[in-house]
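Try each task yourself before you read its solution.

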Amino acid sequence: MRFLAATVIGLSSIGAFAQETSDPAAQQVERQQTQPLNNAPVWRAVRSGAPAETAVIGRETNVLIQPTMKLPGLPAVSAGEAWRLARPPLSTAGGAIIALSLLALAGFYRWRGAIGVHGAPTGRLIRRFSPAERIVHWSVAISFSILGITGLVMGLGKYVLIPVFGHTLFAWLADVSKALHNFTGPVFAVFLPILIAIFVRDNLPKTYDLDWLKTFGGMLSKEGSDAPSGRFNAGEKLLFLALPCFFSVILVVTGFILDFPNFDQTRRVMQQANLVHLIAALLGITVAFFHIYLGTIGQRGAYQAMRTGYVDEAWAKEHHSHWYADVKAGRSPQAFADDVPAETRSRVLQAIRESQ
């Protein structure tokens, strides 16, 4: 009986010891006796991605390090590390695209110059944009500009600004940029759908847009003039579809995912949203430069049209002949205006005369 009892006790002790050593923590204690400071068992368990015990409530709160994954061109690392490694090449490529687009616009302007009006201004002004349209446009434009500048500071500042300003000044600039970016984003998100709703009707494709696309509205010729178009030409319609309707919508959706992690999205969703947000922002900024160019120095009178709301009859007839015909026939919501303030009239006509 004594032998039997001793056997049972011995087997129980062996089982208990085996159970303890199967636990990563117990293995760590045992390893410290033979290999001090070797934490391989603990970190192997942490990197496995297997859920553990935690008092924090939420999705993935019981997983300290994400499972291993592999992105094209990158080594097999944890998902968080893969996200960190993917950002620099995307930022660098996007920055190069933006720089090349600016150089291309500068070269094009040097060759082509500003697109003007061949005929003399008549002095009869057409209200091209209502006050509401201009308020919405400038709200979107200003907020997008703030978001673009602050986003570039945070995305490219590490590679471009730190070598110039140093770490201390860049840290202050990045902190201000982050605050402006987070608080301007909701403003942009409010006005963007309003802008799309206001302008989508006049940006629908028409058959005569094909004629404009064949010659790019005469922009590729120093002597050429715009092909017939409606209130907005085919180029403006493509920019409208690309910038507000596509890239900006993506930026708003992904921005909300990043701004509000309390919506219970996982880290993987946040990482993917961040990369999509980065790509859409860099491409959207590139497209925005073309819109800004054509709306300012690229075409005489375009900036004054959005600033004051008015264009001269000669400008409308040359650049948007179909729309001008509709205005003249009373088929357009826009119409000739007689009660234009003298200062506004002077600005509009001066912009036309400078292009002669």
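**Exercise 1.** Between which strand and which helix is the loop where valine 340 is found? Then work out whether valine 340 is buried or exposed.

*Solution.* Keep in mind that this is a predicted model.
- Step 1: look between strand E5 (336-337) and helix H14 (342-353), and you'll find valine 340 in the loop there.
- Step 2: check the relative accessible area of valine 340, which is 10%. Buried means under 20%, so valine 340 is buried.
- Step 3: leave aside the neighbours within four places in sequence, and valine 340 is in contact with Leu125, Tyr310 and Arg345.
- Step 4: take tyrosine 310 from that list. In sequence, valine 340 and tyrosine 310 are 30 residues apart, while their C-alpha atoms are 8.6 Å apart in space.

**Exercise 2.** Find out how helix H4 (residues 79-112) and helix H10 (residues 267-295) pack.

*Solution.* 
- Step 1: the angle is about 5 degrees, and the axes are 10 Å apart.
- Step 2: angles under 35 degrees count as roughly parallel, so H4 is roughly parallel to H10.
- Step 3: sort the residues of this contact, and you get 19 nonpolar, 8 polar and 2 charged.

**Exercise 3.** Which residues touch the most other members of the largest nonpolar core?

*Solution.* 
- Step 1: this core has 38 residues, and the ones you want are Ile126, Phe144, Phe188 and Val311.
- Step 2: ask which helix gives the most to this core; that's H10, with 7 residues.
- Step 3: zoom in on phenylalanine 144. Beyond its neighbours within four places in sequence, its contacts include Phe188, Leu243 and Ile285.

Key:
Residues are numbered from 1 along each chain as its sequence is written. This is a predicted model: local features need pLDDT of at least 70, side-chain atom pairs count only at pLDDT 80 or more; totals for chains, interfaces and linings use all residues. Side-chain values use heavy atoms; hydrogens and water are left out. Axes are lines fitted to C-alpha atoms, for helices over the stretch in contact, and angles run from 0 to 180 degrees between N-to-C directions. Helices (H or I, at least four residues) and strands (E, at least two) are DSSP runs, numbered from the N terminus. Angles under 35 degrees count as roughly parallel, over 145 as roughly antiparallel, 65 to 115 as roughly perpendicular and the rest as oblique. Ala, Val, Leu, Ile, Met, Phe, Trp, Tyr, Cys and Pro count as nonpolar, Asp, Glu, Lys and Arg as charged, and the others, Gly among them, as polar. Buried means under 20% relative accessible area, exposed over 50%, partly exposed in between (1.4 Å probe, protein chains only). Contact means heavy atoms within 4.5 Å. A nonpolar core is a set of buried Ala, Val, Leu, Ile, Met, Phe, Trp, Tyr and Cys residues joined through side-chain atoms within 4.5 Å.
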